[in-house]
Amino acid sequence: MKAVICKEFAPRAELRIEEIPDPVAKPGQVVIRIEACGINFFDGLMVEGKYQTKPELPFTPGSEAAGVIVAVGDGVERLKVGARVLAFAGIGGYGEQVAVDAWKVFPIPAEMSFVEAAGFLITYATSHHALKDRAQIKPGETLLVLGAAGGVGLTAVELGKQMGARVIAAASSEEKLALCREYGADETINYSTEDLRQRLKELTDGQGVDVVYDPVGGGMTETAVRGLALFGRLLVIGFAAGDIPKIALNLLLLKQSALIGVFWGAYARSAPEKNAENIGELMDWFAKGKLRPHISAEYPLDRFAEALDVVMERAVKGKVVLVTGKSGHSKEGVPA
């Protein structure tokens, strides 16, 4: 099979496609013939050795994949050959097949294509876990989403609205903010032309926001902390700006506010049954037409470098997907 190979932690330009042996389903695993794979910002960090986890070398990047099960290992009863699934693979998605632990694999509804599935799991599961489990957001609360047109940001806008919040979307261009309004944002802030702190005061009558969803980091984090309401919560999602901010803790004391870390992958490993319930709720919302993944671009496997570049350079709205198979847009079962 063909797969993208990372042989050493180095600039992502060093990645190459090679022929490698087909994977084998070990006990507790399934092998998926990949039809599509989502591209994530941390994929680029991982191949350069800058992510919090470092896979054993060599490895194939790609944490989320969608396709058809072609083999089932011993001890797996819930999943069958021929099932249409998405998977939190961790690594291995930038290829034609991948072996994945069965607990990381979820059937997808008939209404969902492989391309939609490939761009669904990590972004939606992260935002759902962040807002539901970590922030425990309530209907009527105000949610500020930074980087709101990005992969996770746009799902936070959509899910925040689904959960009954008043959503303020902040992004760097009017084009991005227009997309946020399409996905339910009640108010928008262009932080390349507007003062974020002042606009938050204006939009909340000086009261501040209840929850901040922050996948950006950098200088905006402190501004967002200062914009929290009494008992407000800032969700630490990631650091797409490149800088990990340092926050003066007296800012939390005065408003009795909180910084809350969100690491969905670790949560999924530590609480697989609760995670499966959350994924089930998301799939139900999708099947009912309440969620619609925004796939902004698709690339074939041999153009993986372009796909990864646009994500790492933050030149994308929503999700970018590699289409590995020939049935990426299919919503039909695919013969094994």
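1. Leu143 has Val167 in E9 as its bridge partner. The two strands concerned, strand E8 (residues 142-145) and strand E9 (residues 166-171), pair in the parallel sense over four bridges. Strands here are DSSP runs of at least two residues (E), helices are runs of at least four (H or I), and both are numbered from the N terminus. Two strands count as paired if DSSP finds at least two bridges between them.

2. A note on the basis of these remarks. This is a predicted model, in which local features need pLDDT of at least 70 and side-chain atom pairs count only at pLDDT 80 or more, while totals for chains, interfaces and linings use all residues. Residues are numbered from 1 along each chain as its sequence is written, and side-chain values use heavy atoms, with hydrogens and water left out.

3. On confidence, pLDDT is the predictor's own score for each residue, from 0 to 100. The protein chain averages 93, and 97% of the residues score at least 70. Over residues 330-336 the pLDDT is below 50; this stretch still has 22 contacts in the model beyond near neighbours in sequence. A contact means heavy atoms within 4.5 Å.

4. The sheet that holds E8 and E9 is open and has six strands, in the order E10-E9-E8-E11-E12-E13, with parallel pairing. Its edge strands are strand E10 (187-190) and strand E13 (258-261), each of which pairs on one side only. From one strand to the next the twist averages 20 degrees. Strands of a sheet pair through backbone hydrogen bonds, either parallel or antiparallel.

5. Helix H3 lies across E8, strand E11 (209-214), strand E12 (228-236) and E13, and runs at about 150 degrees to E11. Axes are lines fitted to C-alpha atoms, for helices over the stretch in contact, and angles run from 0 to 180 degrees between N-to-C directions.

6. Which residues have the most contacts inside the largest nonpolar core? They are Ile32, Leu86, Phe120, Leu143, Tyr213, Leu235 and Leu322, in a core of 90 residues. Apart from it lies another core, of 20 residues, among them Leu146, Tyr191, Leu200 and Val212. A nonpolar core is a set of buried Ala, Val, Leu, Ile, Met, Phe, Trp, Tyr and Cys residues joined through side-chain atoms within 4.5 Å.

7. The structure holds 16 salt bridges, each a side-chain nitrogen of Lys or Arg within 4 Å of a carboxyl oxygen of Asp or Glu. One of them joins Glu35 and Arg33 (3.5 Å, N to O). Buried means under 20% relative accessible area, exposed over 50%, and partly exposed in between (1.4 Å probe, protein chains only). Glu35 is buried at 3%, whereas Arg33 is partly exposed at 23%.

8. Lys132 and Glu281 meet at 3.3 Å, N to O; Lys132 is in helix H3 (residues 121-134) and Glu281 in helix H10 (residues 272-287), 149 residues apart. Glu18 and Lys7 meet at 2.9 Å, N to O; Glu18 is in strand E2 (residues 16-19) and Lys7 in the loop between strand E1 (2-5) and E2, 11 residues apart. Glu18 is partly exposed at 28%, and Lys7 is exposed at 55%.

9. Salt bridges also form a network, which links Arg12, Glu48, Lys50, Asp309 and Glu313.
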